[in-house]
Amino acid sequence: MSTPRHQAVMGLTGRSGSGKTHLMARLLPVLRERGVSASTIKRTHHHIDIDKPGKDSFIHRQAGASEVMLVTPDRWVLQHSQPEPSLPDILRRMAHVDLVLIEGFHASVPATIEIYRADIGKEPLFKSQTNRILAVATTTPAAVPASFPTLDLDDTDAIASFILKNACSIQLT
């Protein structure tokens, strides 16, 4: 019997336009400088296709291939034609790293940081999703209840430290 594998994860959640992707791009070099290997997952509710009509991989998929792998000298991508997998299923397919940062999947990630900007004019998620949000990274700390740890959205080092201290482990059976 094999031993279950675990993966450390932290989610970044927030409304569209709040700066999740920008923060992720700032965090990755800081984590790398600290010796932490990290990967990312980005979930979108939009239907996208990385393939282009007329390309060989598109033709393979249209002809009925269950999976199509596109390989280049410096990267590869594996496309699956199936319903969206669960977060543990996705993590199982990825190479193990010290930490996976996840943008999206907010209902599945046990620990998240909400990126909140009052100036985008949208309701914060911490008002309705308190069970998974561990902290709020914001430029307006007065807008966040005292019950939530508040992080300065501009202090990437402090956010990285919080993530490393509070990342959760997901069991991958």
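Predicted model: local features only at pLDDT ≥ 70, side-chain atom pairs only at ≥ 80, totals over all residues.
I started with Phe105, which touches Ile41, Arg43, Glu84, Pro85, Leu87 and Ile90, leaving out residues up to four places away in sequence; contact here means heavy atoms within 4.5 Å. Residues are numbered from 1 along each chain as its sequence is written, and side-chain values use heavy atoms, with hydrogens and water left out.

I found Phe105 in the loop between β5 (99–103) and β6 (112–116); strands are DSSP runs of E, at least two residues, and helices are runs of H or I, at least four, numbered from the N terminus. Is Phe105 buried or exposed? It counts as buried because its relative accessibility is 11% (buried is under 20%, exposed over 50%, partly exposed in between, with a 1.4 Å probe and protein chains only). I also checked Gly11: its C-alpha lies 7.9 Å from that of Phe105, though they are 94 residues apart along the chain.

Next I looked up Asn166, which sits in helix α4 (residues 156–166). At 24% relative accessible area, Asn166 is partly exposed. Setting aside neighbours within four places in sequence, I saw that Asn166 contacts Met10, Ala111 and Leu134. Asn166 and Met10 are 156 residues apart in sequence, yet 7.9 Å apart C-alpha to C-alpha.

Last, I turned to Val71 in strand β3. Val71 counts as exposed, since its relative accessibility is 56%.
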